[in-house]
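Please read it alongside the sequence and the coordinates.

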Amino acid sequence: MSLLELIDVMHKLTRLHYKILRIMESNMRRFRFIPLQFLAKKVGIKPNKLENIMNFLVKNKLVKKKQSDYIGYELTYKGLDCLAIKALSGFGVITKVGPKIGMGKEGDIWIAYLNNVPRIIKLFRISPKSFRRIKIHRHYYIPKRTYSWLELSIKSAYREFRALNILYQNNVSVPRAIARKKHAIVMDYIDGVELVKAKLEDPIDTLDKIISEIKKAYEVGIIHADLSEFNIMITKNGDIYIFDWPQYITRSHPEAEYYLKRDLDQITKYFARKYQVTKEEIEKIMNKHFKNKDNHT
């Protein structure tokens, strides 16, 4: 279901539907499948009548139904999307949504508009495929606690929103984060292409700009920790923007130096491989920005 199709569904939802979805969201830590009897008590409707209402939500894939030892319901990403989009619309940061323009490891990217001004909506979608990777590599993951995929998505959105705000306020070249609600972030639209798709006329100048932004982020205490040619945007004017920050770590992290070096190595190796930038040219750029960090050259 696209966001445009979801908007059509949202037009059919009543205040009661949204109340049910909000109750389900607030109780997803307590239950995997929320019992019908529990929901009925919270909503103040008899179970048999509520079941008919829930069937509409199930039909539109906003919730999933479980019926074995008891009847229960689970909020889906589409249900969470409804809550997020409605809240963002209420904030006055978007007036309509457009097409999907990208899919990342952790979420989908859509065009949205405030009147006729384009913006980006990033909807985080932690899936079974990425779940194991998160447990291993995400520094905010707490192994002793069980998270649902929806909770992890909300947590990822919160972290990226926080990182983008800190970086943008300190003049690091990242998209401006405008608003966040649940697992969704609205940010400025950047008219450009990913580094991996770009054909650079002056790769050394571009590499210099990227290393400069990595250094600026490091100086304000943030390390990307998963940087690659897939999450750097190049505009027609040659400006660069770094995105996808939910996995960031702070400079005080015990493995900060390791992840900083890994980010730098990933980018410099890409330029050496694709544009034949020499070791000497790379060392010159690295020494310019990281004079006292010989281990990063």
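Which residues line the largest cavity? The points below begin with the basis of the model and then take up this question.

1. Basis. The model is predicted, so that local features require pLDDT of at least 70 and side-chain atom pairs count only at pLDDT 80 or more, while totals for chains, interfaces and linings use all residues. Residues are numbered from 1 along each chain as its sequence is written, and side-chain values use heavy atoms, with hydrogens and water left out.

2. The cavity. The largest cavity is lined by Glu213, Ile214, Ala217, Tyr218, Ile222, Ile223, His224, Leu227, Ile242, Trp245, Leu260 and Asp263. Two or more lining residues come from each of α8, β10 and α9, and α8 contributes the most, with four. The volume of the largest cavity is about 60 Å³. On a 1 Å grid over the protein atoms alone, a cavity is a set of points where a 1.4 Å probe fits but cannot get out; a pocket is an open set with protein on both sides within 12 Å along at least five of seven lines; lining residues have an atom within 4 Å of a point. Grid points are joined across faces, edges and corners, and a volume is the space filled by probe spheres set on the points.

3. Helix α9. Helices (H or I, at least four residues) and strands (E, at least two) are DSSP runs numbered from the N terminus. The 20 residues of α9 (residues 256–275) should span 28 Å at 1.5 Å a residue, and the end C-alpha atoms are 28 Å apart, in agreement; the expected span is 1.5 Å times one less than the number of residues. Buried residues of α9 include Leu260, Asp263, Ile267 and Phe271, where buried means under 20% relative accessible area, exposed over 50%, and partly exposed in between (1.4 Å probe, protein chains only). Their cover includes α8 (203–219), β10 (222–223), β11 (232–235), β13 (249–250) and α10 (279–289).

4. Arg262. This residue of α9 is partly exposed, because its relative accessible area is 31%. Beyond its neighbours within four places in sequence, Arg262 is in contact (heavy atoms within 4.5 Å) with Ala225 and Asp226.

5. Strand β8. Four of the five residues of β8 (residues 184–188) are buried, so the strand is largely enclosed by the rest of the structure. Strands pair if DSSP finds at least two bridges between them. β6 (residues 117–124) runs antiparallel to β8 and is joined to it by five bridges, with Ile120 partnering Met187. β7 (residues 177–181) is also antiparallel to β8, over four bridges, and Ala179 stands opposite Val186. Two residues separate the strands of the β7 and β8 hairpin, in which Lys182 has a positive phi near 55 degrees.

6. The largest pocket has a volume of about 770 Å³. Of its 30 lining residues, those closest to the centre are Ile109, Glu194, Phe230, Phe243 and Asp244. At least two lining residues come from each of β4 (96–103), β5 (107–114), β6, β8 and β9 (192–194).

7. Asn27. This residue lies in the loop between α2 (15–26) and β1 (34–35) and counts as buried because its relative accessibility is 11%. Leaving aside neighbours within four places in sequence, Asn27 is in contact with Ile34 and Phe38.
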